[in-house]
Amino acid sequence: MRMIFAGFAALALTTAAHAQDDAESAILSELGEPNVSANVDNGARIFRRCQACHTVEEGGRNMVGPNLHGVFGRESGHKDDFRYSPAMSESEVVWSAETLDAYLTNPREYIRGNRMSFAGLRDEQDRHDLIAWLAINTH
């Protein structure tokens, strides 16, 4: 009996893992290349640099920077419970893979006068990996 239960449990875990993989693939396919083939594990490692200021989970708290859940498709500077710089609030940028890529390359240059102290990610592949990870984890 235990072996049957263990078999069902393993099957359930495998099915859940495939469903999660399918959901992640669907999210990444919406972004298109180069994000579809991004290294999401590397994106998670890169996000560790961001964790001092940002959270990603739904309902997560704002820190020095806003919670990033739901960031894709949101207009910059318009999360109700966070006080943004005037530059960010007035920029009219809508966050997408493309705008995040440009912003993360050099935040101070992309939106002049914003308060984010992060200097940027110069490595293009690291940006794609981070954006893919963000898409999956803020969806």
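Good morning. I begin with Y110, which is partly exposed, having a relative accessible area of 33%. On this scale, buried means under 20% relative accessible area, exposed means over 50%, and partly exposed lies in between, with a 1.4 Å probe and protein chains only. The structure is a predicted model, in which local features need pLDDT of at least 70 and side-chain atom pairs count only at pLDDT 80 or more, while totals for chains, interfaces and linings use all residues. Residues are numbered from 1 along each chain as its sequence is written, and side-chain values use heavy atoms, with hydrogens and water left out.

Let me stay with the aromatic rings. The structure holds four aromatic pairs. One of them joins Y103 and Y110 edge-to-face, at 6.2 Å centre to centre and 70 degrees between the planes. Rings of Phe, Tyr and Trp (for Trp, the six-membered ring) pair if their centres lie within 6.5 Å; planes under 30 degrees apart count as stacked, over 60 as edge-to-face, and the rest as tilted. Is Y103 buried or exposed? Y103 is buried, because its relative accessible area is 6%. Ring pairs also bring W95 into a cluster with Y103 and Y110.

I turn now to the whole chain. The protein chain has six helices and zero strands. Helices (H or I, at least four residues) and strands (E, at least two) are DSSP runs, numbered from the N terminus. Of its 139 residues, 40% count as buried. The accessible surface comes to about 8,500 Å², and 54% of that belongs to carbon and sulfur atoms; the areas come from the Shrake-Rupley method with a 1.4 Å probe, and for residues only the protein chains shown count as cover. Among contacts (heavy atoms within 4.5 Å) between residues at least 6 apart in sequence, 43% join residues at least 24 apart.

Which residues touch the most other members of the largest nonpolar core? In this core of 29 residues, they are F47, W95, I111, L130 and L134. The elements giving two or more residues to this core are α1 (2–31), α2, α3 (86–90), α4 (97–105) and α6 (124–137). The largest share, seven residues, comes from α6. A nonpolar core is a set of buried Ala, Val, Leu, Ile, Met, Phe, Trp, Tyr and Cys residues joined through side-chain atoms within 4.5 Å. Leaving aside residues up to four places away in sequence, W95 touches several residues, including F72, M88, Y103 and I111.

The pocket holds about 650 Å³ of space, and α4 gives the most to its lining, with three residues. On a 1 Å grid over the protein atoms alone, a pocket is an open set of points where a 1.4 Å probe fits, with protein on both sides within 12 Å along at least five of seven lines; lining residues have an atom within 4 Å of a point. Grid points are joined across faces, edges and corners, and the volume is the space filled by probe spheres set on the points.

Finally, two loops. P34 sits in the loop between α1 and α2, and the peptide bond from E33 to P34 is cis, with omega near 5 degrees. E92 belongs to the loop between α3 and α4. Phi of E92 is near 60 degrees, a positive value in a residue other than glycine. E92 is exposed, because its relative accessible area is 62%. Thank you.
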